[in-house]
There are 2 protein chains.
Amino acid sequence: MASHFADRVCQAVKAKKTPLIVGLDPVYSRLPAAIRNKEGLNDSKNAAAAVDAIFEFSLKVLRIVAPHIPAVKLNIAFFEKYLWEGIESYYSLVSEAQGLDLEIIGDVKRGDIGHTAESYAQAHLANPELEGLDDVLAPDAITINGFAGSDGIVPFAEVAEAQGKGVFVWVRASNPSAAMIQDFADADGVKMYEKLAQVVAEIANQTKRIGTSGYSNVGMVVGGTSGEQTTALREKYGKILFLVPGFGSQGATAADCVRFCKPDGSGALINASRSIIYAYENEKYSTQFGDNWEKCIEQAVIDAKVELSKAMQ
Amino acid sequence: MASHFADRVCQAVKAKKTPLIVGLDPVYSRLPAAIRNKEGLNDSKNAAAAVDAIFEFSLKVLRIVAPHIPAVKLNIAFFEKYLWEGIESYYSLVSEAQGLDLEIIGDVKRGDIGHTAESYAQAHLANPELEGLDDVLAPDAITINGFAGSDGIVPFAEVAEAQGKGVFVWVRASNPSAAMIQDFADADGVKMYEKLAQVVAEIANQTKRIGTSGYSNVGMVVGGTSGEQTTALREKYGKILFLVPGFGSQGATAADCVRFCKPDGSGALINASRSIIYAYENEKYSTQFGDNWEKCIEQAVIDAKVELSKAMQ
């Protein structure tokens, strides 16, 4: 395993021949009936049953998708909802995924400054050294919120670097109301997200953060459905890996997403979550595979890869 | 107990005669020797020992400060550092503090959109109803990050409202690099944080969110050391409760902070963290009280109250 996060990502994208990654946002009520009806898991009002069901589902999804894609994104909010029980389950899944030859991105969007940022970085990026937690693995990278500027980014970047890991700073979201804040423009028409991208790039472009792949371990999150203008970020920041959420259920098309890849296919990770993990709810798959929900998910991953591949031609 | 967060805060500020609140950012290596040397707690390399020591310290601090102040702020990052073990400890402290007649603010700075924001709101504001977690209490309010605009604020505000709780949106930080993003100005000189404050105020000022005190359950976090210009937020947004961090060790003076209070003393909660909880490291107190670290903390709270009170005259 290469010791630089961006190098590992580039190798994995090449090996799996796709920038597609799968996001896990598991919700108990949408799990396959086959899991929800199992003894011990069939009690929606019991925290342990819900956490165990979500874990079982998530682990199966990881095993289904692992041969096809370079990385997965685990959205911690859907585990945090179950307080410490969910958090323990989240870290167990991270450890499991590490054994499946996947890069793991923890979608945690933490953001704060100084000692607080350092503590979050310890929690989410550092493999714990304390006795009692020393068999736990933290994700390979996390998403963070750069609202506080470099003071809120550097502490994460430093821990990431020391651990051979990465961070993706949330630069431009894809939700409708994001524009009000993130497209707020100065007298020259420069938008706030462009200013934030500059701040991120100054940190990301430092020589010590660049791997042999030419990419930095500090990347950016830019929504697939964000306006055309964001494509300029790809041209402007050659050393940046983009994490692009929104492919599939959130409304971004393959073309919306692949604009963050370079012509050689590197430079972006494109995330689809619900359109893949709940593929068994989609008639297109359920009529073909019936109750075989695993097969629905696998086919959805394969189809999404083909879609992205076509869009890149 | 009044059912509206802002009303409870106003009552508590009046009863305790101060806007001062104490922030808990506990770090194992700075705990009093009397705690760190205890059997079972004296192993800095063991996660359980560190978590237990931090819990014991934090609970003592809560009991010392409770008679003097209206609220406490628990910084979750310092617990999250110990993964699920720390998170369990955090919620135990929240429950303990609820029994001490304190309003509890969880400093969690979560920020995301849609279902993810809803999941975070469930985790951090809703008292769990699931069997196995139903004796847990969540904080009375949390801090959130409004980078995504209203889509990232409303889901939290809705859960808060349903639970008689509150949210404080991080509007202007006090760290040096915050200016680069948050003071980013448009052609009219309006700064990004002012725009964000407008977005927050539109949500906060909805009639359904205003308590009998006249304040909203949706407030703003504005750093005490942020420039003079932020004082205008107090004048402009009469229904907003401000959470003002930075008093004491972070460099904000009493005058820097009380500018967010109205003349009647309401309207702001002023947070001091390290200057209070580590008061036993301060010669001013240690020469007076020796090894009695509890007494050092108590005196520091009393002194800080007097300081704020003088600044308000």
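Is Asp101(A) buried, partly exposed or exposed? Asp101(A) is partly exposed, because 13 other C-beta atoms lie within 10 Å; by the criterion used here, a residue is buried if 20 or more other C-beta atoms lie within 10 Å of its own, exposed if 12 or fewer, and partly exposed in between, with C-beta atoms placed from the backbone. The model is predicted, so local features need pLDDT of at least 70 and side-chain atom pairs count only at pLDDT 80 or more, while totals for chains, interfaces and linings use all residues. Residues are numbered from 1 along each chain as its sequence is written, and chains are lettered from A and ligands numbered from 1 in the order in which they are written.

Asp101(A) sits in the loop between helix 5 and strand 3 (103-110) of chain A. Although Asp101(A) is not a glycine, its phi is positive, about 60°. Most residues other than glycine have a negative phi. One residue that touches Asp101(A) is Ala66(A), which also touches Leu100(A) and Leu102(A), not counting residues up to four places away in sequence. Contact here means that the C-beta atoms of two residues, placed from the backbone, lie within 7 Å. Ala66(A) belongs to the loop between helix 3 and strand 2 (71-75) of chain A, and it counts as buried because it has 20 C-beta neighbours inside 10 Å. Ala66(A) and Ala48(A) are 18 residues apart in sequence, and their C-alpha atoms are 26 Å apart in space.

Leu83(B) is placed in helix 5 (residues 83-98) of chain B and counts as buried, with 25 C-beta neighbours inside 10 Å.

The view now widens to the whole of chain A. Chain A has 14 helices and eight strands; these are DSSP runs numbered from the N terminus, helices being H or I of at least four residues and strands E of at least two. Its radius of gyration is 19 Å, close to the 20 Å that the globule rule gives for 313 residues, so chain A is as compact as a globular protein of that length. That radius is taken over C-alpha atoms, and the rule is 2.2 Å times the number of residues to the power 0.38. The C-alpha trace of chain A spans about 60 × 50 × 40 Å along its principal axes. Of the 313 residues in chain A, 59% are buried. Among contacts in chain A between residues at least 6 apart in sequence, 71% join residues at least 24 apart.

Strand 8 (residues 268-272) of chain A has five of its five residues buried, so it is largely enclosed by the rest of the structure. Ala268(A), Ile270(A) and Ala272(A) lie on one side of strand 8, with Leu269(A) and Asn271(A) on the other. In a regular strand the side chains alternate between the two faces of the sheet. Strand 8 of chain A runs parallel to strand 1 (residues 20-24) of chain A, to which three bridges join it, and it pairs in the parallel sense with strand 7 (residues 242-247) of chain A over five bridges. Strands are said to pair if DSSP finds at least two bridges between them. Asn271(A) is the bridge partner of Ile21(A) and also that of Pro245(A).

In chain B, strand 2 (residues 71-75) likewise has five of its five residues buried. Strand 2 pairs in the parallel sense with strand 1 (residues 20-24) of chain B over four bridges, and Val22(B) stands opposite Val72(B). Five bridges join strand 2 to strand 3 (residues 103-110) of chain B, again parallel, with Ala71(B) opposite Glu103(B).

Finally, the two chains can be compared. A rotation of 180° with 0.0 Å of shift along its axis superposes chain A on chain B with an RMSD of 0.0 Å, by least squares on the C-alpha atoms of residues with pLDDT of at least 70 in both. The two copies are thus related as by a two-fold rotation axis. In the interface, 55 residues of chain A are in contact with 55 residues of chain B. Helix 6 of chain A gives the most to the chain A side, with seven residues. The copies meet through the same surface, because 100% of the interface residues of chain A are also interface residues in chain B.
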